[in-house]
Amino acid sequence: TYTITYELDGGTNATSNPTSYTIEDDTITFAEPTKAGYTFVAWIDSDNMAITQIEKGSTGDKTVTATWEEIAEPEPETYTVTFIDEDTVIDTITGVTGTEITAPTVTEKTGYTSSWDKEVASTITGDATYTVVWKPITYTITYELDGGTNATSNPATYTIESETITFASPTRDGYTFTGWNPTSIEKGSTGNKTVTATWEVIPEPEYTVDRKSVV
């Protein structure tokens, strides 16, 4: 009985590979071993020659050595994160999974607040697109009526996108409304506004008394 020694260099032998043989054994064909991260190339003998089997009728102890080829790590997949403002790409970040994402600073736009259409992730997990959403700021309109009553059609707020606002006339007992200051808010205006009503007193009516002599 002769021994078969396997030099595996960290690999794991196939359970079907025998550890001994005799001159009478049938031809032994070696099975492939395994090694994590490597591909098996071949068995080589003590003469550094490739060997696949021990022929029937062979004699002597045998040492066979497994040779390996390292499996190349695949290149990590890269992804692109795109930031868009009104159909214009303002920034892109390209990287592998886990790359940090920092959203770009959006240039302010008069009369609007900005936000992203969805929460910006902290790291890359795949291709993604973020779009700026512009929301018009709502401004207040304050009416100084000096005791008058405002028209119900006069709005309390407006935005930069509102059509030009022309104010309806308020009312006040004993007075004639003479105008608003300012008279309107033009489309495209911004900021809170205060408009003041001006009045003119309605004069008291005058009466004439006719005096007649009584005889």
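Which residues have the most contacts inside the largest nonpolar core? Select Val81, Phe83, Ile93, Ile101, Trp116, Ile124 and Tyr130: these are the ones, in a core of 14 residues. A nonpolar core here is a set of buried Ala, Val, Leu, Ile, Met, Phe, Trp, Tyr and Cys residues joined through side-chain atoms within 4.5 Å. Buried means under 20% relative accessible area, exposed means over 50%, and partly exposed is in between (1.4 Å probe, protein chains only).

Before you click on, a word about what is on screen: this is a predicted model, where local features need pLDDT of at least 70 and side-chain atom pairs count only at pLDDT 80 or more, while totals for chains, interfaces and linings use all residues. Residues are numbered from 1 along each chain as its sequence is written, and side-chain values use heavy atoms, with hydrogens and water left out.

**Stop 1**

The most comes from β10, with four residues. Strands are DSSP runs of E, at least two residues long, numbered from the N terminus. Now pick valine 81 and show what it touches: leaving out residues up to four places away in sequence, its contacts (heavy atoms within 4.5 Å) are Asp91, Thr92, Ile93, Ile101, Ile124, Gly126, Ala128 and Tyr130. Apart from this core lies another one, of 13 residues, among them Tyr6, Leu8, Phe40 and Ile54.

**Stop 2: the rings**

The structure holds 14 aromatic pairs. Rings of Phe, Tyr and Trp (its six-membered ring) pair if their centres lie within 6.5 Å; planes under 30 degrees apart count as stacked, over 60 as edge-to-face and the rest as tilted. Show phenylalanine 83 and tryptophan 116: their ring centres are 5.2 Å apart and the planes are at 65°, so this pair is edge-to-face. Phenylalanine 83 sits in strand β7 (residues 78-85) and tryptophan 116 in strand β9 (residues 112-116), 33 residues apart. Both phenylalanine 83 and tryptophan 116 are buried.

Jump next to tyrosine 143 and phenylalanine 167, with centres 5.7 Å apart and planes at 90°, so they are edge-to-face too. These two residues are also buried.

**Stop 3: charges**

Select arginine 172. Its charged end sits over the ring of tyrosine 175, 3.7 Å from the centre; that label needs NZ of Lys or CZ of Arg within 6 Å of the ring centre and within 35 degrees of the ring normal. Arginine 172 also forms a salt bridge with aspartate 146, with the closest N and O atoms 3.1 Å apart. A salt bridge is a side-chain nitrogen of Lys or Arg within 4 Å of a carboxyl oxygen of Asp or Glu. Aspartate 146 is exposed, at 53% relative accessible area.

How many salt bridges are there in the whole structure? A search finds six. Another one to show joins lysine 109 and glutamate 86 (2.7 Å, N to O).

**Stop 4: a sheet**

Finally, show the four strands in the order β12-β11-β16-β14: they form an open sheet with mixed pairing. Strands pair if DSSP finds at least two bridges between them. β11 and β12 pair in the antiparallel sense over two bridges, and tyrosine 139 stands opposite tyrosine 158 in β12.
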